Structure formats: C-alpha cells, structure tokens
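Here's a quick briefing on one helix pairing and a few aromatic contacts. Have the structure open as you read.

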Amino acid sequence: MADQAGASNAAPSPRTAVVIGGNRIPFARAGGAYAYSSNKDMLIAALDGLVARFGLQGERIGEVAAGAVLKHSRDFNLTREAVLGSALSAATPAYDLQQACATGLETVVGLSNKIRLGQIESGIAGGVDSASDAPIAVSEGLRRVLLDLSRARTTQQKIKALGKLRPKDLAPNAPTTGEPRTGLSMGEHQALTTAAWKISREAQDELAYLSHRNLAAAYERGFFSDLMTPYRGLTRDANLRADTSLEKLATLKPVFGKSLDTTATMTAGNSTPLTDGAAVVLLGSEEYATANNLPMLANIVDAEASAVDFVHGEEGLLMAAVHGMPRLLARNGLTFDDFDFFEIHEAFAGTVLSALAAWEDEDYCKRVLGLDGALGSIDRSKLNVNGSSLAAGHPFAATGGRIVASLAKTLSEKGGRGLISICAAGGQGVIAILEARK
Amino acid sequence: MNGTAADDVTLPEAPELPTLYRSALTLAVQRRAGRGDVPTRLPAARHRVDRVAVDLGALTRFQQLLGSPVRDQLPSAYIHTIAFPVAMSVLARTDFPLPLLGMVHLRNEVHQVRQVGFHEKLDVVAFAENLRAHPAGMQADLVTQVDIDGEQVWTGRSVYLARGVRIGPAMGERHDEDRPPFVAPAPTGVWRLDRGVGRRYAAVSGDWNPIHLSGPTAKALGMRGAIAHGMYLAARMVDQAVPAPSGALQWRVDFAAPVLLPGTVTTSFTRVASGIDSGADSGARVDVVGWSAKRKRPHFTGSVRAG
C-alpha cells in the first residue's frame, strides 16, 4: 500500500498557482542585530515589506500560512497574530505550520494547492525563526510539580506536590538541535552521512566558498533589491563573508564527527550557523495577479514530501529528499537534464554533496531507491546560483520562503525550470518544481 | 529438570525487593561466617504469584522514564519488571546455592506471544535451572513465565553469573586473547546517561540494588562505581528497536562491560532481513549494539524481532 502518486492518477489541475513575489529581512547571526526581536516581530517586518512592495495595505488575502521551528507555546497563533500586527486587513485568516526546516516550503505547497483548487485566490506563505529569542522551558521535574500543584485542592495536597521538587529541577531547559530518538545533534548525524559517502573536506569547503561568492555577486548586481526589506540596521545577511577564500575556510577546525574513526571534515565554515530571520512569498492565481496588475514570476508545478528511517540505520537523517526525488521526477516525466536551476538547501555542505553523490551512484540508486540505474548528475553550474544557506544563514522556517522567492525571480529573468530540495529534522524532506512562465 | 507444578510455592503477593536484598545480605554474612551449609544444587521449587495487577501510575512513570509513548499496553521489559520480585525470591531462598548480591546479569531472552494491556492480571511463575560452570564461576538460568487466564503470554530467561564460585569440576580458564577484538559498527545514536539514572530507574522498577544507586553503595559491593541497570538498557533497546509492537515480540540482550554512571553509550540499530521462516506478518529483525566510543568496548549486544 505504498503511496505512489504518478502521472496516471494525478488529478488534472484546473488552475495554475503562481509566485507573484517575495520579501524577507536580511538574516542575522544568532545574538546579533535581531537578538531582541521575537518571531512575531520578524514575521511582521517581513509581511510589512511585502505589503508595501505590492500595495496590499488593508487587503484581505485568501490565507496566510507560516511557522517557526523554535516556537514558544504562547505563540500558538503566531501567524494570525502577525497578520493582526501587520498592515494586511484583519479579515485575513492565517494558520501555523511546522515541518522543521521544510516549514517554509511546505506552506508554499499547501497554499498553492488551495489556489489551484480554487479555494483561495491569493496567499502569503513563509516562516520565521529566532535562535536568539528561543523559548526556554522549565525542567520536566518542575513542570510536573507545577501541574500537580495547579490541580491540588487542599493545603495537604499542595504540600505533597511541592515536596516532590528537587533543587536540580530549577535549572531551565533550552531547546537543542538534537534528534529526540537518537540523541545525536543534526551536525553529528550529517557527519555520519558525510563519512559514509566519503565527502572530502576540500569539496565541502569549495561548496561553502561558492555559496558566499554567489550570494555576494547577487547582492552586487542588486538581485535582492526587490526581495528584501532592511531591518534593525541590517541591509545584507550578516553571515555573508564576501572576502572568504578556500585558504581561510581550510584553516577552520572541525566541529562535527570528531568521535568517528574517519577524519572529521565538517567545520563552522561548511555548516550553517544559528541564524535569525523571516521570509514570505506572495502567491496567487493567474486571475488574481492579472486583475491586480501584479507580476507573475513562476508557476508552482508540483511538490513531494518524503521521509526515511534514520533510527534503525537504514538512511542518513538528512537524506529524505534523495528518496522523494525519483518519484517527483517520474510523476512529471522529467529528468535532471530538464532543469536549468537547482536550489538544494545547504544545511551542511556535506548534505548537498551526499545527495549529489547518492543520485550519481548506480548501485545505491538500484539497491536503495529501486531504480534501474543512477538517477543522474546535476550540473554544478546550475546549483544554488545566487548562494544558499551556508552564506545567507538558515533561520529554519524562513529558508523555504527565501529559496522560493529567489528561484522564482531567477526563472522570471532567465526562463526555464527549477528544482528545490530542502532537508528537515526527523528524517524528512520536501522537494518542489517551479517553472518559468511561457 | 526443575520447575514442575508439584514443587510450586504460591506467594500471597509479589515480594518487596529491598526485603529480599536484606535477607540475601544476612544469608551472605552467615555463609561467610561458616554458618549454614552452602547447597550444591538449585532448588526445585517454583515460586508463583497469581493475578498480579498493574499499577497504572507506576506504568506511566516507567514509560516516561524510557521516553516511550504512554500506551495502555505494557512495554515488554515492564512485564519483566513486574515479574522480577518473584524471580528474585527464588534467588533469595536459603537453599539457593549462589549468592544473590554481587551476581552478574549476563543475558536476557524474552519470547512474548502477544501484547498485554494494563488491565490484565498476570500469573507469574519463576524458577531456576541449568546450574553450570562458567570460566569465571558458576552460572544459572532464571526462568520467568507470565500467564494470563491460562494462556502463556511471556517467557523470560535470565542468565546470571556468580563470580568466583565453584561447585563441581572447574572449567578451563578463558583467556581474553581468545575473544575476537570488538569492532564497532556505524553508530546511529547515543544515550547520554546522567548520574541519577540508576536511582530513577530503581524508583520506577523497584530494583533498588545498591550497585545502581550511588558510587559508595556500588563500591561497597565491589563495583568501580554506580552502574546502569541492565534492564534499563534492555528496555530502551527494545522500545527503540520496535516502537509500536502489535503482536509477538522476541528479544535478546547479552551484557558485556557495565555502563558506569554518568556515561555515554553509543548505539547502533540496524534493521536486517529476517530469517527464512519470516512470513508476511513477521517484521525484520533489528540488531543492536551499545558500546563505549571512548574505551572501544561493548556494553551490550542484542536483537529484537516483531512477529
């Protein structure tokens, strides 16, 4: 009963969902320019910039979907609260979504499907994350005591509840990037995959170098002028090192995989840093864009979410998109050669390079993916042409919006077809196809 | 052959483990002082406690400590926990030849026929068999059977070693160089165990063996420091290998170097194709290794199979 959507059972799409534009705030390093901005603050900043760019003041949008990975429980209605704090009409509904680092892309997928079905005409998708303003929880022991205390009726019951409190319960719990089921951090997981695919330090540093170079070049030619709104004094991603070099990257000490038998290759330079930021994308039907005299940058063609079992040693944590890719391509009758741009999220340089190696490996593609041969190679000159997360930073839920807006603009300028791949915690991944307007 | 119904000793309720440990201590002191004969055979008696009820609060605390879902069905290792005091009462008998305190848990094997709900009443029978020599002393099997309404649903066999004890002809000394060197598999996870995990597991399992509680109490019994309960490691292993068992479950764990607390156990969970007898219903087997990455030696190896 494996789920396998194919060309034969895909419902005919009555409408097209298009990317109209996007807006984000520059990404800051954790503890930097946005240290005192909350998720809601940053999401409102990104929304307000989008509203200003496309004249949406007081407009009722069909629906806004966004999310944050590190979210305080008081922000249960984060996106709706951000809408109420923005210049959009208060009659704009909103919902929160969370799929780890794939959150932003999944909001684009969900809202574009609503548009294609005719349930809404317009939508704003996106995400936000703050590693600086992270929620801190009380310890499990204190939490249980407080809950028991709130339920206690008599003084005796209250004393009994308080009596269970231990001094160590008073230490707070900060969120971690550890996988609950394995106890390994994301970097430690990727180190296992990087080692298994024998990805060299040099190859990882080169990918990081190209990310910085491409992002810097995109800024130089003004690519982000209509994709970004300055915030809190930042006008560029704070993590960007335009002057970095392979030599500088080579001097950094490894930070992940140090306890493995193989040489540790992952450094702070070829891994994404903790970052704060927000990104949103304006989506609509062709009719909506035409009626409101708005641009249409690209069509959203198709998408697929996938997951793998990383708990029982079957696959690496961040390799799920590798498994979804052949299904998505087959359903659309496409191969890698049919694409002009590839946006593979750089959680770590090793993540991108492991995926590329897997798709090129005939034995792996046959044995693990069940294909007839290797899925294919990706032309590196088409990969992350405007830089990606290693240079820009990666505020988890904001990355999808950043990538969709950048790719849609690239397609509107250069034409062709683009592929997005984003890996996520929990062994998940979301991939999507965008296409230039004919 | 041990364990026939004719030798059954029916206890009114499951004994308290601390009481058993205290009487074992008294017995050990008496034997060391040369008082009381040390028997040379295992007792034939089977100890049984009928219609043991599960305390829902205790089950919840056990599940939460393991990080497993708070389900209405019992974790397989929790059935061991419920039956454990009955098994211990066999080891604490004055006619049991090996000293209870300081015995080393070598292996555990469980065959479970079906999943068990918390509302079911468990009939527990425990007996010892297979007293035999081990290169480091004497070993014996402790067998625990759990029936529900006359249906045998769970059988556990624990192998214990009494170091330095000799009954009958000695076995040849085993030398470490005979053992193949440990080769660590590719890790898939890590368990970080803090200093208090022994006390917390004691609280949810009732196993207050001093070797798990603190450095001083463990050192008093010849350990280098407090060590994690073997069944804590086994329970986590089973839960992680098959997170949602729906029918039969077989598992086995072989303990090697104890896990000193606090400590880090690197783990490897590998799903392997099951044997030729695997039908459509039986899941794959998951092989598990837990080891110390620092000392490069295994803490345990095991396997779990659903179906």
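This is a predicted model: local features need pLDDT of at least 70, side-chain atom pairs count only at pLDDT 80 or more; totals for chains, interfaces and linings use all residues.

Buried means under 20% relative accessible area, exposed over 50% and partly exposed in between, with a 1.4 Å probe and protein chains only. Side-chain values use heavy atoms, leaving out hydrogens and water.

**Aromatic pairs**
- Across all chains, the whole structure has 13 aromatic pairs (rings of Phe, Tyr and Trp, the last by its six-membered ring, with centres within 6.5 Å; planes under 30 degrees apart are stacked, over 60 edge-to-face, the rest tilted).
- One of them is tilted: A:Tyr219 and A:Phe224 sit 4.7 Å centre to centre, with 45 degrees between the planes.
- A:Tyr219 and A:Phe224 are both buried.
- A:Phe256 and A:Phe348 pair edge-to-face, at 5.9 Å centre to centre and 90 degrees between the planes.
- That pair links distant parts of the chain, 92 residues apart.
- A:Phe256 counts as partly exposed because its relative accessibility is 22%.
- A:Phe336, A:Phe339, A:Phe342 and A:Trp359 make up one aromatic cluster.

**Helix contact**
- A:Gln190, A:Thr193 and A:Thr194 in H6(A) meet A:Gly350, A:Thr351 and A:Ser354 in H11(A) (helices are DSSP runs of H or I, at least four residues, numbered from the N terminus; contact means heavy atoms within 4.5 Å).

Key:
Residues are numbered from 1 along each chain as its sequence is written. Chains are lettered from A and ligands numbered from 1 in the order in which they are written. Helices (H or I, at least four residues) and strands (E, at least two) are DSSP runs, numbered from the N terminus.
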